[in-house]
Amino acid sequence: MIVCVCRRVSDREIARHARAGMSFDEIQFELGVATQCGNCETCARGIVEQCCSSHPVAALHSEAVVQVSPAIRDSRAWAPSPSSAA
Ligand code: FES
């Protein structure tokens, strides 16, 4: 479905970019959605929000911190192998 008539941007295009980790502003810059009459902005933002909440992606910034739950951290899966302990 076309969301932005002015720039001919579909919901699928917006969703694909959002799932790739792009913010609304980045998608707006990339696709031009909501840059003319603005009637599509609410709908486009809604699609981005839906995709971000249902498909979270890890931040790609260097400051990103990954927190591992204690149950996983203390499990045997994280125990060093005999070859790497040496
Ligand atoms: S419909 Fe998207 S800017 Fe006009």
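Modeller: Among the contacts in the chain with a separation of 6 or more, 52% are between residues 24 or more positions apart; two residues are in contact if their C-beta atoms, placed from the backbone, lie within 7 Å. The model is a predicted one, in which local features need pLDDT of at least 70 and side-chain atom pairs count only at pLDDT 80 or more, while totals for chains, interfaces and linings use all residues. Residues are numbered from 1 along each chain as its sequence is written.

The chain has two strands and five helices, in the order β-β-α-α-α-α-α from the N terminus. Helices (H or I, at least four residues) and strands (E, at least two) are DSSP runs, numbered from the N terminus. Of the 86 residues, 21% are buried. A buried residue has 20 or more other C-beta atoms within 10 Å of its own, an exposed one 12 or fewer, and a partly exposed one a count in between, with C-beta atoms placed from the backbone.

The part I would select is helix H2, residues 24-31, whose buried residues are Phe24, Ile27, Gln28 and Leu31. These residues lie on the same side of H2 because they cover an arc of only 100° around the axis, the arc being that of the directions from the helix axis to the C-beta atoms. Asp25 and Phe29, on the other side of H2, are exposed. Just after H2 comes Gly32, with a positive phi of about 85°.
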